[in-house]
Amino acid sequence: MNKELLNDIPSLEYQAIAEIERASSLQDLEKVRLLYLGKKGIVRAYFNDLRNIDSAEEKRNLGEVINALRDKLDNLIRNKEDVLRAEEITSKLQNEAVDITLPVRPEKIGKIHPLSKVINEVKLIFAHMGFSAVDGPDIEDEFHVFDALNTPSYHPAREEQDTFYLKEKIDGKRMVLRTHTSSVQIRTMEKAKRFPIKIVAPGRVYRNDFDATHTPMFHQIEGLYVAENVNMGQLKFTIHNFLNKFFGEKGLKIRFRNSFFPFTEPSAEVDISYKGSKWIEVLGCGMVHPNVFKNVGIDHTKYNGFAFGIGIERLAMLKYQIPDLRSFYDNKISWLNHYGFSFSSLR
């Protein structure tokens, strides 16, 4: 038995060394280690065969040979493992390296929505005329939306097919989504302790309508000026000044037409012809009705004033040649990239 082992060991050593050198990965090397040095490996089997040798001297000599083989293979495997680990780290570093010669990826910069741009423009123009911007709740009671504004109960605007009503009352009052920001004017006059009042009220408003020029939700900015001896001439000056600033004075034509609104008397609608277009209505205005002052507790014999309401979407469509109002709310990036504005435009 000892002669067979001695004859097998040189060829076994040669074969093991060759397989260690051929191992190209740590996984392959581990398979070689288990084959030769594992608990059920070939070298362990040789140690087990020593039990069958009777001569103590032969057992000792053969054990020394097998030990030497095991130590040699173990050292070769450890050295090969170090080499493979170094190669693995080098490969990983090369694959994960950042090529600093590549050009910087372009950054995607957002754009200002046309409605945001127009709201800022309008507020700034009126701020230069001394108007302060105020806001109020989107959900209002009928008093602030209709009653205080001298709107009778039979008025078409109070019908449910035109106005969004909430199912439940709040504090015993029927609630609606406001149809105009005139409700902010009412709240401002209710709280007024000194005059003049000079405000604009931008915000969302809601009406039950949907087509190329109407959406259920849109934006308005309404203005109010209350003081002593306010007249229609001051209103016309304010409107002319605003429209000329917003659209530019060149080629802009403005006209006032008699109209009717429950909350103003006299009332007018304002049309413009912009860049050779047909006459288009852009806003409504008038002198605040005495009944409105009565409803908010202001002495109409001492104070009077004017009010106006402007559709933000209408202004944006005219100035920036946007054909369909519904496109403002389609949330399409391609549309915003075309009609949007850079942040520097707000400066």
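This is a predicted model: local features need pLDDT of at least 70, side-chain atom pairs count only at pLDDT 80 or more; totals for chains, interfaces and linings use all residues.
## Contacts around F256

Contact here means heavy atoms within 4.5 Å. Setting aside neighbours within four places in sequence, F256 is in contact with K236, I239, H240, A268, E269, V270 and C285. F256 itself sits in strand β6.

Is F256 buried, partly exposed or exposed? Its relative accessible area is 23%, so F256 counts as partly exposed, given that buried requires a value under 20%. For a sense of distance, take T90, which is 166 residues away from F256 along the chain. The C-alpha atoms of F256 and T90 are separated by 80 Å.

## The seven-stranded sheet

Strand β6 belongs to an open sheet of seven strands with mixed pairing, in the order β1-β4-β5-β9-β8-β7-β6. The edge strands are β1 and β6 (252–261), and each pairs on one side only. Strand β6 runs antiparallel to strand β7 (residues 264–274), with nine bridges joining them. Within that pair, K253 stands opposite S273 of β7.

Two helices rest on this sheet. Helix α5 packs on it and touches β1, β4, β5 and β9, with a direction that makes about 5° with that of β5. Helix α8 also packs on the sheet, touching β5, β6, β7, β8 and β9, and its direction makes about 135° with that of β6.

Strand β4 then pairs with β5 in the antiparallel sense over 10 bridges, and Y206 has M217 in β5 as its bridge partner.

Why is β4 described as largely enclosed by the rest of the structure? Strand β4 covers residues 197–206, and eight of its 10 residues are buried, so the description follows from that count.

## Strand β9 and its two partners

Six of its eight residues are buried, so β9 is largely enclosed by the rest of the structure.

On one side, strand β5 (residues 217–227) pairs with β9 in the antiparallel sense over eight bridges; V226 has G305 in β9 as its bridge partner. Strand β8 (residues 280–288) also pairs with β9 in the antiparallel sense, over five bridges. In this second pairing, L283 has I310 of β9 as its bridge partner.

## Nonpolar cores

The largest nonpolar core has 45 residues, and F242, L243 and F308 have the most contacts inside it. Helix α8 (residues 232–247) contributes the largest share of this core, six residues. Apart from it lies another core, this one of 20 residues, including A23, F47, I53 and L84.

Not counting residues up to four places away in sequence, F308 touches F126, F131, Q185, V200, I221, E222, G223, L235, T238, I239, G284 and C285. Two of the names in that list, I239 and C285, are also contacts of F256.

## Helix α10 against helix α5

How do α5 and α10 lie relative to each other? Helix α5 (residues 114–128) and helix α10 (residues 312–319) pack at an angle of about 105°, with their axes 9 Å apart. The two helices are therefore roughly perpendicular to each other. L115, V118, I119, E121 and V122 of α5 meet I312, E313, L315, A316 and K319 of α10. By class, this contact has seven nonpolar, no polar and three charged residues.

Seven of the eight residues of α10 are buried, so this helix is largely enclosed by the rest of the structure. The buried residues are I312, E313, L315, A316, M317, L318 and K319, and they pack against α5, β5, α8, β7, β8 and β9. Just after α10, Q321 takes a positive phi of about 55°.

How values were computed. Residues are numbered from 1 along each chain as its sequence is written. Side-chain values use heavy atoms; hydrogens and water are left out. Buried means under 20% relative accessible area, exposed over 50%, partly exposed in between (1.4 Å probe, protein chains only). Helices (H or I, at least four residues) and strands (E, at least two) are DSSP runs, numbered from the N terminus. Two strands pair if DSSP finds at least two bridges between them. Axes are lines fitted to C-alpha atoms, for helices over the stretch in contact, and angles run from 0 to 180 degrees between N-to-C directions. Angles under 35 degrees count as roughly parallel, over 145 as roughly antiparallel, 65 to 115 as roughly perpendicular and the rest as oblique. Ala, Val, Leu, Ile, Met, Phe, Trp, Tyr, Cys and Pro count as nonpolar, Asp, Glu, Lys and Arg as charged, and the others, Gly among them, as polar. A nonpolar core is a set of buried Ala, Val, Leu, Ile, Met, Phe, Trp, Tyr and Cys residues joined through side-chain atoms within 4.5 Å.
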